[in-house]
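Me: I'm new to this one. Could you take a close look at the part around the metal and at the helices there, and walk me through it?

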Amino acid sequence: MKNFKKTGVIFVTMAVAFGVLAGAVAYAADDPKQVVKYRKSVMKAQLRHFQAIKAIVRGKVSFTGLLANQAMALDLTGKGLTDLFPAGTGPDKIKTRAKADIWQDWKKFEASAKKLHQETAKLVKIANGGDKKAAAAQFKAVGKACGGCHKSFRAKKKRKKKK
Ligand code: HEC
C-alpha cells in the first residue's frame, strides 16, 4: 500500500510536470494574431465590468447588491494580464496597440499589472463591506490603474471610422 501510494505520487507528479511542459509549448506556439485577439477580448471584458461598476457607484442604477459580483469579476479578469503579452506579439511583429516599451521595460509593465490587481482586490473588499462612498473612491483608483498602464504601454488609436 505504501509503495503503491509512492508510485501514485510519482505518477501524478510526472503527469503534472508533463502537463505544464506541454502547456508551455502549446502556449509558445500560439498564433500571435490569436493572442492579440484574445487579450483585446480580455481588455474589453475588463471595460464592461468597469462600466457596470461605474453605473452602480455613480448611482445610475440601484443594483448595489451586485457591486461585489462585478468587482470580483473585474478582479478575476485582470489576473495574469502579463501572460497575455508573450514575446513576439509586439508592434514589430503584428498589428497591435501594445507598445514595444512593454518588452523593453518588462519590470515596469509587470508593476502596472500588479497595481491594477491590488486596486481591484481592494475594491472587492470594500464592495463586500457595503460602504458606497469608499467604493466610489476605490473605483476611481481602479480607473487610474488602468490608465496608468495605458499611458505608458498602449499606443494611441489610429484614426479610423468607429465600428
Ligand atoms: C498592465 C497594463 C494594462 C492594464 C493594467 C490595463 N490595460 Fe487595457 N490595454 C493594455 C494594452 C497594452 C492594450 C493594447 C492591447 C493590444 O492592442 O494588443 C490594452 C487595451 C485595452 C482596450 C482596447 C481593447 C481593444 O479591443 O483594442 C481596452 C478597452 C482596455 N485596455 C481596457 C482596460 C481597462 C478597463 C483596464 C482596467 C480595469 C485596463 N485596460 C487595464 C494594457 C493594460
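Reply: Here is a walk from the metal site out to the helix contacts.

A quick word on ground rules: this is a predicted model, where local features need pLDDT of at least 70 and side-chain atom pairs count only at pLDDT 80 or more, while totals for chains, interfaces and linings use all residues. Residues are numbered from 1 along each chain as its sequence is written, and side-chain values use heavy atoms, with hydrogens and water left out.

Let's start at the iron atom of the ligand. Its protein donors are Met43, through SD, and His150, through NE2, at 2.0 to 2.4 Å (donors being N, O and S atoms within 2.8 Å of the metal, or 3.2 Å for Na, K and Ca). The iron has six donor atoms, and with angles of 88 to 179 degrees among them the site is octahedral (for six donors, opposite ones over 155 degrees apart and all others between 65 and 115). The two residues sit 107 apart in the chain: methionine 43 is in helix H2 (residues 32-57) and histidine 150 in helix H6 (residues 132-153). Helices here are DSSP runs of H or I with at least four residues, numbered from the N terminus.

Now for how those helices pack. The axes of H2 and H6 come within 10 Å and cross at roughly 155 degrees (axes are lines fitted to C-alpha atoms over the stretch in contact, and angles run from 0 to 180 degrees between N-to-C directions). H2 and H6 are therefore roughly antiparallel, a label for angles over 145 degrees. Met43, Phe50, Ile53, Lys54 and Val57 of H2 touch Ala135, Ala136, Phe139, Val142, Gly143 and His150 of H6, where contact means heavy atoms within 4.5 Å.

Note on methods. Tetrahedral: all angles 85-135°; square planar, octahedral: opposite > 155°, others 65-115°. Parallel < 35°, antiparallel > 145°, perpendicular 65-115°, else oblique.
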